[in-house]
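Please prepare a short briefing on the protein shown below.

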Amino acid sequence: KGELRMQSLTFDDAGMYQCIAENTHGIIYANAELKIVASPPTFELNPMKKKILAAKGGRVIIECKPKAAPKPKFSWSKGTELLVNGSRIRIWDDGSLEIINVTKLDEGRYTCFAENNRGKANSTGVLEMTEATRITLAPLNVDVTVGENATMQCIASHDPTLDLTFIWSLNGFVIDFEKEHEHYERNFMV
């Protein structure tokens, strides 16, 4: 196939490679540069979010995505406590931290540590719990005669520090109230 494979690359393997294809009709060349990338972890381009919100009783994933080569090993702490995989907490291979069944006790400062053979770095964010959004009055089935009007209600409770948006869909497609204002009308109750 004319393929060149290299394993366990080192900095000495970096450079310009040239493939030469030759037959009775002539010779042709193609060049390519191989760069060996190696860098300590850095969060400069992709720091952790400073504030992470999680719904009470829900699930949250805190991303940790430093730039590093080779791929770093990850560890996490909450305050001064080193975190390990357990029934509610899991550190993913990509460095993300997952917490399920979030409680008030999960609030606090979380730090992701990334380390490879070139160095180490860390980034910190604060997890805050919010009240989960819940549907308190769901729409009911409605039977109407063709040509009549129908009204459906949806009421939800939510954390007062967050905004709430209602999205209605028909058979899986979101209703665009701007375009379909002659057919659908949105009423807000305070």
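## Briefing on the predicted model

A32 counts as partly exposed, at 43% relative accessibility; buried means under 20% relative accessible area, exposed over 50%, and partly exposed in between, with a 1.4 Å probe and protein chains only. The model is predicted: local features need pLDDT of at least 70, side-chain atom pairs count only at pLDDT 80 or more, and totals for chains, interfaces and linings use all residues. Residues are numbered from 1 along each chain as its sequence is written, and side-chain values use heavy atoms, with hydrogens and water left out.

**Overall form**

- The protein contains 0 helices and 16 strands; both are DSSP runs numbered from the N terminus, helices being H or I with at least four residues and strands being E with at least two.
- The radius of gyration of the protein is 28 Å, whereas a compact globule of 190 residues would have a value near 16 Å. This radius is taken over C-alpha atoms, and the globule rule is 2.2 Å times the number of residues to the power 0.38.
- Along the principal axes, the C-alpha atoms fill a box of roughly 85 × 60 × 30 Å.
- Of the 190 residues, 23% count as buried.
- The protein exposes about 15000 Å², and carbon and sulfur atoms supply 52% of this area; accessible areas come from the Shrake-Rupley method with a 1.4 Å probe, and for residues only the protein chains shown count as cover.
- Among contacts with a separation of 6 or more, 52% join residues 24 or more positions apart; contact means heavy atoms within 4.5 Å.

**The largest pocket**

- The largest pocket holds about 1200 Å³ of space. On a 1 Å grid over the protein atoms alone, a pocket is an open set of points where a 1.4 Å probe fits, with protein on both sides within 12 Å along at least five of seven lines. Grid points are joined across faces, edges and corners, and a volume is the space filled by probe spheres set on the points.
- Its lining consists of 30 residues, and A150, T151, M152, W168 and E185 lie nearest the centre; lining residues have an atom within 4 Å of a point.
- The strands β14 (155-157) and β15 (169-170) each supply at least two residues of this lining.
- By type, the lining residues divide into 17 nonpolar, 9 polar and 4 charged. Ala, Val, Leu, Ile, Met, Phe, Trp, Tyr, Cys and Pro count as nonpolar, Asp, Glu, Lys and Arg as charged, and the others, Gly among them, as polar.

**Backbone features in loops**

- A cis peptide bond, with omega about 0°, joins A69 and P70. P70 belongs to the loop between β6 (67-69) and β7 (73-78).
- N101, in the loop between β10 (97-100) and β11 (108-116), has a phi near 50°, which is a positive value in a residue other than glycine. N101 counts as partly exposed because its relative accessible area is 46%.
- N171 is not a glycine either, yet its phi is positive, at about 55°. N171 sits in the loop between β15 and β16 and counts as exposed because its relative accessibility is 70%.

**Individual residues and their surroundings**

- A32 is part of strand β2 (residues 26-34). Apart from neighbours within four places in sequence, A32 is in contact with G15, M16 and Y17. A32 and C19 are 13 residues apart in sequence, and their C-alpha atoms are 8.5 Å apart in space.
- K49 lies in the loop between β3 (39-42) and β4 (51-55), and it is exposed, with a relative accessible area of 64%. Leaving aside neighbours within four places in sequence, K49 is in contact with T124, G125 and V126. From K49 to G147, 98 residues apart in sequence, the C-alpha distance is 51 Å.
- Y184 is placed in the segment after β16 and counts as partly exposed because its relative accessibility is 22%. Not counting residues up to four places away in sequence, Y184 touches L170, I175 and F177. The C-alpha atoms of Y184 and W76, 108 residues apart along the chain, are separated by 49 Å.
- F188 is also in the segment after β16 (173-174), and it counts as exposed because its relative accessibility is 65%. F188 and F166 are 22 residues apart along the chain, with 9.8 Å between their C-alpha atoms.
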